[in-house]
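Hi,

Here is the structure I promised to send over. Please have a look at it first, and then read on for what I found.

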Amino acid sequence: MRDVLSGLLEQGTALTTEDIVLRIVVAAILSIAIYISYWYTHVGTAYSKKFNVSLMTLTILTSTVMTVIGNNIALSLGMVGALSIVRFRTAIKDSRDTTYIFWTIIVGICCGAGDYVVAGVGSFVVFVVLFIMGRVRNENRILLMVKGSRSKEMSIESIVFDYFEKKALLRVKNTTNNNIEFIFELSRKTYDLSYKRDQSIVEKLYDLGDIEYVNIITQNDEISG
């Protein structure tokens, strides 16, 4: 038993300088593909250059750590203990960011282990998928915000529901002693059909009187807390 444990603790493969450089360089090259993919798919208010650069460095650092660990169980256990002290508090503002973080870690692990083919093929497939589908955004939701006198509460609801044939969903209703604010959610299709009417919903609401404002907002995936 002691011999087995001793063998596991001493297990490891000596790497040449060329092997170490190759692993880190390949990780750096693949991190450029990650950088380009993130830049392309996050064009707009969701793009963060600092986060993008961090993805590149995370790929290289992961590869470096994996190169150090190799097949040495003792080093791997020590590294797990050391990394467990670190707590990350980075806010994920876009669900795609999680994909990129996993991508960088996996590429770093593959390169650190010398599996360049797996890292390259996997990165190529992910790059193509994100290149084709990455810019897809959900812009099929319209928010109708109305604020007016509280005395017009029933009238505002009646106009909106009748105008959109009960396809408007009431999401928020805020009230004070004197005012009331509504937020209705509509599908893009339902809102587009309203263009066929002689009078817009904005005009109908303002004709009601005592309306402070009427805002129409397109809600997409870039709107986050």
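Helices α2 and α5 run roughly antiparallel to each other. In this predicted model, the axes of α2 (residues 17-41) and α5 (residues 95-112) cross at roughly 165°, and an angle over 145 degrees counts as roughly antiparallel. The two axes come within 9 Å, and the crossing of α2 past α5 is right-handed.

Which residues make up this contact? On the α2 side they are Arg 23, Val 26, Ala 27, Leu 30, Ala 33, Ile 34, Ser 37, Tyr 38 and Thr 41. Their partners in α5 are Arg 96, Asp 97, Tyr 100, Trp 103, Thr 104, Val 107, Cys 111 and Gly 112. By type, the residues of the contact between α2 and α5 divide into ten nonpolar, four polar and three charged.

I also looked at the cysteines. How many disulfides does a search of the whole structure find? The count is zero. For Cys 110, the closest cysteine sulfur belongs to Cys 111 and lies 6.8 Å away, so the pair is too far apart for a bond; a disulfide would need the two sulfur atoms within 2.5 Å. Seen from Cys 111, the closest cysteine sulfur is that of Cys 110, again at 6.8 Å.

Are these two cysteines buried or exposed? Cys 110 counts as buried, at 12% relative accessibility. Cys 111, one of the α5 residues that meet α2, is buried too, with a relative accessible area of 0%.

Best wishes

Technical notes. Residues numbered from 1 in each chain as written. Predicted model: local features only at pLDDT ≥ 70, side-chain atom pairs only at ≥ 80, totals over all residues. Heavy atoms only, no water. Buried < 20%, exposed > 50% of the residue type's maximum accessible area, 1.4 Å probe, protein only. Axes fitted to C-alpha atoms, helices over the stretch in contact; angles between N-to-C directions. Helix = DSSP H or I, 4+ residues; strand = E, 2+ residues; numbered from the N terminus. Parallel < 35°, antiparallel > 145°, perpendicular 65-115°, else oblique. Left-handed = near helix turned anticlockwise from the far one by under 90°. Contact = heavy atoms within 4.5 Å. Nonpolar A, V, L, I, M, F, W, Y, C, P; charged D, E, K, R; others polar.
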